[in-house]
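Here is a short report on selected features of one protein model. Please keep the sequence and the 3D view open while reading.

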Amino acid sequence: MLAEWVERLLSYASGALDAIRADESFPAFMQWAHSEGVNYSGGDEALAVALAPVLWSQTPLVRLDFARESLAPPGRNEPCWCDSGRKYKQCCDKVQLPAIPDHLMWMLSLREFKGEQLKAALASGLAPAQALLEAGLISAESGNRGRAQQIMEALFDTNDWSRLPEQAEPGFELLLDLYQERGFTRKKALLLDEVLERGPAFLRGVALEHQCLLHLDSDDLGSARAAFIRAQQTLPDSPTLAYIEAMLLLHEGQPEEAQDRARFWWRRLSKQKDIEPGQLEFLADLAENPRATLAEQMVNSDESLSDSLAALQALFEVIEHPPRLALETQEDGSLLFRQNAEQAVTLGLWEAVFPARIEEEAALALDIDPWDVQDPNEWLQQLCASPEWLDVPAVCQGLILALASRFGSLPWMSDTFFVPLAQRFDRWLDQIEQAGGLLRWEDGDNAQLLRCGLGLVIGMERGERERSRQLAERLLKLDEEDSLGLRELVLDQLLREGRNDEAVTLAEHDIERRAVDEEMPLLGILMGQVLALYRLGRDKDAEQALEIVREANSHLISLLLAEHPRPVSLAVEAPEPGTRGEAWQYRTLMRDQWKRSEGALAWLAKHR
């Protein structure tokens with residue numbers, strides 16, 4: 001009965017709104033209710049007439065600048081407000097109306113208003129919060145993302161947070177997601193700050209999660225840590241904190257600490273009586289194995305892809321070792337890999353379903369995002385159904401680059417996707433090393449193998465740093481020209497492990513090599529040398545190395561010293577040398593190492 005009433009009410013209200021908009025006159029609207037309203041009320045004329053004054057009273061009128069012209073119900077012995085000529089008690093008062101949401105006509109109006117009229121209606125501030133919430137969610141579900149954003153902005157643009165319904169959390173999540181996907185990162189940051197500063201408690205947990213993730217996505221671990229501490233002070237008993245701290249510690253390269261803290265949160269929060277069973281189960285899993293739990297959550301986070309990603313994960317657990325490569329030794333002793341005819345046929349089958357192509361001139365790039373297509377399940381499912389495709393290096397490079405683009409920044413995804421692929425790649429790498437000789441990027445199809453290695457180094461860099469560094473060092477020995485740009489990555493990892501002598505040696509070798517070609521060393525190499533020399537107490541050498549840094553990038557030192565600098569939006573992965581973007585990229589990646597090196601930032605300030 002309730003579902004039938006709701007359907008009948010929505011049908012009638014939609015028709016009534018069209019009738020009201022015709023001239024916004026109550027007498028004219030009542031004429032419609034008597035003559036045509038019955039067509040929208042399931043043939044119930046008494047219901048059609050009784051509903052009309054109620055819905056009129058809650059409809060925003062354009063002629064009144066979106067105010068409502070509310071009617072007071074007549075007394076029982078007064079003439080009925082439907083103009084029937086009978087007393088109210090003998091007319092509409094006899095019709096039993098179930099509860100009618102008082103925001104219904106505003107919600108329907110917000111769905112119908114367009115352009116300047118919608119803008120004016122939202123700017124009036126008269127729309128009920130529940131109407132804004134429902135109209136925004138409906139617009140998003142129907143694919144009108146811009147309209148949904150406009151409506152949701154009106155809902156959360158408020159100084160009176162108490163007016164928000166407690167069901168507003170999905171709307172808040174929606175607006176943050178809309179800002180993210182449409183590139184409004186500053187608006188997203190401002191909204192998060194506003195909610196964390198003054199918003200209601202039921203939204204702060206969501207704001208915390210998004211703010212920390214925002215900083216983690218941009219590799220700004222310092223800001224992520226600061227946001228977490230602030231949230232811990234504000235919401236000390238929020239289960240969200242356990243989840244975020246585990247992510248943060250894994251990003252910081254502290255897996256043991258992540259598990260210890262997850263166990264702490266489990267012991268603390270399991271004593272709370274109001275915690276939901278689902279949250280409690282998640283916390284128990286997190287305490288047992290943070291990386292596996294977060295990886296499972298990531299695999300299942302996108303319902304449309306979860307089955308395919310789980311199938312890929314299962315495939316990696318059972319797939320056999322790849323066959324040996326057909327390698328040739330060239331006259332100068334270097335190695336050559338060429339794809340054979342059978343591998344070319346397999347690559348053709350793969351390319352028929354995989355939408356992206358390798359950017360041949362780039363070390364690590366696809367021409368389009370293979371996840372941002374109509375249905376990524378097509379290529380994922382076909383690959384799982386044809387595991388022999390992974391015996392072909394060209395197929396592996398495409399899959400590895402696709403996985404690195406989506407999961408490479410998440411340390412808890414290393415074991416799920418990258419370690420199994422690295423174990424298979426090790427078999428090829430062992431064969432290459434046993435054959436001896438260099439594996440130059442530009443020869444034959446060698447780039448396919450080297451790209452596989454680079455993608456795995458990137459994918460494991462945050463979750464399996466030692467394994468990533470070892471793989472990078474093996475690749476460097478095979479490709480002396482460092483076509484993959486691995487020296488900077490290896491140097492960063494050596495610094496994180498405190499292997500400062502090795503870091504100095506690696507930096508000096510790269511700087512000398514580039515000097516021969518009259519090429520400016522990479523900023524990360526130069527600063528890595530400075531930091532390693534400082535840590536070793538070689539202050540004079542560090543000062544001389546810092547002079548080259550000043551020449552290479554005039555922005556870096558001041559940006560590295562600033563506590564809260566203005567962020568730089570990086571439109572490309574590799575910003576131009578000497579720019580503020582290049583300096584910002586180094587800051588986000590390595591400032592934590594300068595902060596952890598006792599006195600390093602103070603020394604840098606002294607020699608700025």
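Which residues in α10 meet which residues in α12? From α10 come G205, L208, E209, C212, L213 and L216. Their partners in α12 are T240, L241, Y243, I244, M247, L248 and H251. This is a predicted model.

**Helix pair**

Two packed helices are described by the angle between their axes and the distance between the axes. Helix α10 spans residues 201-217, and its axis comes within 10 Å of that of α12. The two axes cross at roughly 10°. Angles under 35 degrees count as roughly parallel, so α10 and α12 are roughly parallel to each other.

**Helix α15**

Helix α15 covers residues 290-301 and has 12 residues. From first C-alpha to last, α15 reaches 16 Å, close to the 16 Å expected at 1.5 Å a residue. Buried in α15 are P290, R291, T293, L294, A295 and V299. What do the buried residues of α15 pack against? They pack against α12 (240-251), α13 (255-269), α14 (277-288), α16 (303-318) and α20 (414-435).

**The core**

In soluble globular proteins, nonpolar side chains tend to be buried together. Here, the largest nonpolar core has 195 residues. F156, F172, F417 and W594 have the most contacts inside it. Helix α19 (residues 393-407) gives this core its largest share, 10 residues.

Beyond its neighbours within four places in sequence, F417 is in contact with V299, L309, L312, Q313, F316, L403 and F407. Among these contacts of F417 is V299, a buried residue of α15.

**A buried asparagine**

N377 is found in helix α18, residues 377-385. Buried means under 20% relative accessible area, so N377, at 10%, counts as buried. Its side chain makes a polar contact of 2.9 Å with the side chain of D375. Not counting residues up to four places away in sequence, N377 touches S304, L305, S308 and Q382.

**Positive phi in a loop**

D65 lies in the loop between β1 (60-61) and β2 (67-68). F66 is also placed in the loop between β1 and β2. Each has a positive phi value in a residue other than glycine.

| Residue | Phi | Relative accessibility | Class |
|---|---|---|---|
| D65 | near 55° | 58% | exposed |
| F66 | near 75° | 7% | buried |

Which is buried and which is exposed, D65 or F66? D65 counts as exposed at 58% relative accessibility, whereas F66 is buried at 7%.

Definitions and conventions. Residues are numbered from 1 along each chain as its sequence is written. This is a predicted model: local features need pLDDT of at least 70, side-chain atom pairs count only at pLDDT 80 or more; totals for chains, interfaces and linings use all residues. Side-chain values use heavy atoms; hydrogens and water are left out. Helices (H or I, at least four residues) and strands (E, at least two) are DSSP runs, numbered from the N terminus. Buried means under 20% relative accessible area, exposed over 50%, partly exposed in between (1.4 Å probe, protein chains only). A polar contact is a pair of N or O atoms within 3.5 Å; within protein, one must be able to donate a hydrogen and the other to accept it, and residues adjacent in sequence count only if both atoms are side-chain atoms. Contact means heavy atoms within 4.5 Å. A nonpolar core is a set of buried Ala, Val, Leu, Ile, Met, Phe, Trp, Tyr and Cys residues joined through side-chain atoms within 4.5 Å. The expected span of a helix is 1.5 Å times one less than its number of residues. Axes are lines fitted to C-alpha atoms, for helices over the stretch in contact, and angles run from 0 to 180 degrees between N-to-C directions. Angles under 35 degrees count as roughly parallel, over 145 as roughly antiparallel, 65 to 115 as roughly perpendicular and the rest as oblique.
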